[in-house]
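Here are my notes for a colleague who is new to this structure. Please read the points with the model open beside them.

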There are 2 protein chains.
Amino acid sequence: MSIDNFSSYADCFNEISQNVRKITLNKSILENNYTIKKDDSPVTIYDIEAENYIRKYIENNFPSHNIIGEELKIIDKKSEYTWIIDPIDGTKSFMSGRPLWGTMIGILKKNKPIIGMVDFPELDQLWIGHNDQLILNGNDCHFVEKENITLNNAIFASTAPELFEFLNLQKINAIINKVRINIWSGDCHNYILLAQGKIDLVIEENLNSWDILPLIPILKSRKIAITDWSGSEISFDFKTQKKFKVIAACKRNLLNEVIQLLN
Amino acid sequence: MSIDNFSSYADCFNEISQNVRKITLNKSILENNYTIKKDDSPVTIYDIEAENYIRKYIENNFPSHNIIGEELKIIDKKSEYTWIIDPIDGTKSFMSGRPLWGTMIGILKKNKPIIGMVDFPELDQLWIGHNDQLILNGNDCHFVEKENITLNNAIFASTAPELFEFLNLQKINAIINKVRINIWSGDCHNYILLAQGKIDLVIEENLNSWDILPLIPILKSRKIAITDWSGSEISFDFKTQKKFKVIAACKRNLLNEVIQLLN
């Protein structure tokens, strides 16, 4: 995919996110239209409606591409391109009025994420990442890098203690005892703070492919180190759709420090 | 304090919050100017600078009033009016770039909070509560009330599991197992979501007077039920400055349900 194509994909993300905002920002607090999924997480009518719109957009504009989304069935057209959709990442924040939820879309080429977007409607922030470019609301972002970050001066974020397996939570608590600051909640917003240099470390367990793959081009554009808990690259397999244990850190040395503590 | 005085106090809150924003929004992510306090919580130079400005404003405009603030010494002039200041509630969010931290100021008359403000600079939301009036950015707010909220369909929020004593966290976990949704983090922002009817229940332990008293006029303006864990009114004692265990719930029946589970 050439950089010319990238700008047309960025235009698509702009158009999609504007239309999805019309759906998601329409939420009434009196509505109770949600169900609990097999994995015990909630899904609202807005998740479904947003994903339906995004799929229709992709099918109209890129009819040969594959589609994976959180709420609906895989469409496998044997293309080398796959769109991966999380219509509302942070559904609990969305349902609670906390403005940190986001709409995420990634494009994979031969199972590698090459472009990713996260849109935060309530914060009016559309982030797009591709190669070494990170774009916020149409403008290139440049951040000064922090130096000398190790575990004992790091700011650590993770979505919820309940999302870790029991024995792993003990390891996470040991990490919390070492860091400078830890903060719960946040979902995809934590990774955007990491890309901006505002936090230093995110560790998560049990992430689905749509929870993490759209973020990877954004993180890589900022040279954030991201691997699974064993230090291997996050690798996507269309068939198995396995869950991910993720470490994302502002520096490789910090990531290595964490791998040692988790294994 | 008459309602005429209220509008002049609201003008003061407007002026104060605009000037405090100039201090707090000036934060550079590369700065590391913070210390850890006796209670293990962080304080930044911005907390101190903001509180200094607010105290100077009060001393210039209300020289006879008492002042209590999170970061500096009590000023006791034996007035029946006391200003209570939390320059940055949610310092961990502030340090991490999460936009949910707020500046809180309350005015107590004979130890009862009668006016309260919370300003969220990054969300551009200044909330002021007094009697049955809740004002957002200068406009009266009206919300439709939700009906039939009990524990099993409630949205529950609390700042962090680490803030509860060990045995109390077990009770909180039992509550989490009963509610529809639970969400960590949030500090003062959770109470504003409660006032808006977006979440239903907040439970906290180890709150200081400045963490909760400025919120009480805001919550009472929306008829939110708020007591300590034994069901007693949150009562402030200038001398003892004791810590609070707080339950705030959208409905009295929900609060009663929680009191039973906590005792």
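1. Across the interface of domain 1 of chain A and domain 2 of chain A, two residue pairs are in polar contact, both residues being at pLDDT 80 or more; a polar contact is a pair of N or O atoms within 3.5 Å, where within protein one must be able to donate a hydrogen and the other to accept it, and residues adjacent in sequence count only if both atoms are side-chain atoms. On the side of domain 1 of chain A that touches domain 2 of chain A, β3 (66–69), β4 (81–89), β5 (102–109), β6 (112–120), β7 (125–130) and β8 (133–136) of chain A each supply at least two residues, and the largest share, eight residues, comes from β6(A).

2. This is a predicted model, in which local features need pLDDT of at least 70 and side-chain atom pairs count only at pLDDT 80 or more, while totals for chains, interfaces and linings use all residues. Residues are numbered from 1 along each chain as its sequence is written, chains are lettered from A and ligands numbered from 1 in the order in which they are written, and side-chain values use heavy atoms, with hydrogens and water left out.

3. The domain assignment, which is automatic or taken from a database, divides chain A into domain 1 (3–140) and domain 2 (151–262). Between these two domains of chain A about 2,500 Å² is buried, 68% of it on carbon and sulfur atoms; buried area is the accessible area (1.4 Å probe) that two parts lose on being put together, summed over both.

4. The interface between the two domains of chain A has one salt bridge, defined as a side-chain nitrogen of Lys or Arg within 4 Å of a carboxyl oxygen of Asp or Glu. Glu233(A) forms a salt bridge with Lys112(A), and their closest N and O atoms are 3.8 Å apart.

5. Turning to the two chains, chain A and chain B each bring 35 residues to their contact, where contact means heavy atoms within 4.5 Å. The area buried between chain A and chain B is about 3,000 Å², with carbon and sulfur atoms giving 63%; zero salt bridges are found across this interface, but ten residue pairs are in polar contact, both at pLDDT 80 or more.

6. Asn137(B) sits in the loop between β8 (133–136) and β9 (139–140) of chain B. Its side chain reaches the backbone oxygen of Asp124(B) at 2.9 Å, and, leaving aside neighbours within four places in sequence, Asn137(B) is in contact with Asp124(B), Gln125(B) and Leu126(B).

Definitions and conventions
Helix = DSSP H or I, 4+ residues; strand = E, 2+ residues; numbered from the N terminus.
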